[in-house]
Amino acid sequence: MNSVVYPTVTAGEKVLDFERESEYILVLSARNPVALVRGRYGPASTATVSIYVDDVNEGPILSQSHYEVTVREGEEPGRVIATIRGHDPDSHPIRYSLRGDTKRYFSIGKYSGELKTVQALDREENSTYTMEVIAVDGRNANLSASTLVTVQILDVNDNSPVLVGDYSWKYLCTPRREEQALVLASRDSDGPQHGGRLNFSLRSDATVRRNWKLTPINDTHTNLSLNIPYLAPEVYTVPFTISDSSSPPRSTFINLPVTVCPCNIRGNCKMAAKQLQGMPTIQSAVGILLGTFAFIGIILVVIFVRLSYQNPKRPSRTSQERVPLNISL
């Protein structure tokens, strides 16, 4: 007695994709587990099965999960710095947008995916920007994909070095004291590639270079000291330049007031130095202030006097009643 065996169909392990294959045709055949003694398998032992794959709207797919972009600071706005690539399996249009660009420094083409700068970027303000690009299915806003974009700002030499600190209260003793100097500090906002070592140099003037000396301490500090044994007590203007190490360098010219005065044995200044030419003294400033107040007072007195003449007082009725009438009989 032959047993009947029902065919079993098992699903494949791969996910069906309508865009790759929309229809599958399978031929199923039935076989007896025991070899036939007589006869052959015919058409009745086979069956043809057609499988149709329904199309389902799928979300867009982006070519990269992370984009890294470099831009020179100060680059002209409107330049395309990257193009986000994506495709939709259903050939639907893709709409692109940005998320996380809180300062709105960038823009992206709605359908082109072109990422552009909206304004010039400053590395000293922010050296790295990170945002997210969202790609949305053109027919179903619930279907989307995203990718991370990191923008690195390349440094350019767009800042000049500056002098840092307040030196108005400092002084140098005369005659010169060994090891006494003003420590000058400087700063450059650019990166090490352009800032690097900052160089101090006195103006090319014979008198300036005879009286003063600059001695570097490190990349950002230098000593300013007297170059001669004695200099008359006074407030001097020392002209010098601070330059960065870029090529070509950026420089800043400084006119630094420096007080030179005689000192006691402890190194304390014993007398006030002379005022710089053109600068008012305290006495002259007080005199100017008092003179201004006096002038304002005179103007106010004149105004009050004029007002009093313009509005004379009328005699009162009571006073008129007390005056006797002159009646001649």
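Analyst: We begin with the conventions and then take the features in turn. This is a predicted model, in which local features need pLDDT of at least 70, side-chain atom pairs count only at pLDDT 80 or more, and totals for chains, interfaces and linings use all residues. Residues are numbered from 1 along each chain as its sequence is written, and side-chain values use heavy atoms, with hydrogens and water left out.

User: Which aromatic pairs are edge-to-face?

Analyst: Rings of Phe, Tyr and Trp (its six-membered ring) pair if their centres lie within 6.5 Å, and planes under 30 degrees apart count as stacked, over 60 as edge-to-face and the rest as tilted. The whole structure holds four aromatic pairs; among them, Y105 and Y129 have ring centres 5.3 Å apart and planes at 85°, so this pair is edge-to-face. W212 and Y236, with centres 6.0 Å apart and planes at 70°, are also edge-to-face.

User: Is Y236 buried or exposed?

Analyst: Buried means under 20% relative accessible area, exposed over 50%, and partly exposed in between (1.4 Å probe, protein chains only). Y236 is buried at 16%, and W212 is buried at 4%.

User: What is the strand order in the open sheet?

Analyst: Strands (E, at least two residues) are DSSP runs numbered from the N terminus, and two of them pair if DSSP finds at least two bridges between them. The open sheet of four strands has the order 13-19-18-15, with mixed pairing. Strand 13 and strand 19 run parallel, joined by three bridges, and Y171 has T259 in strand 19 as its bridge partner.
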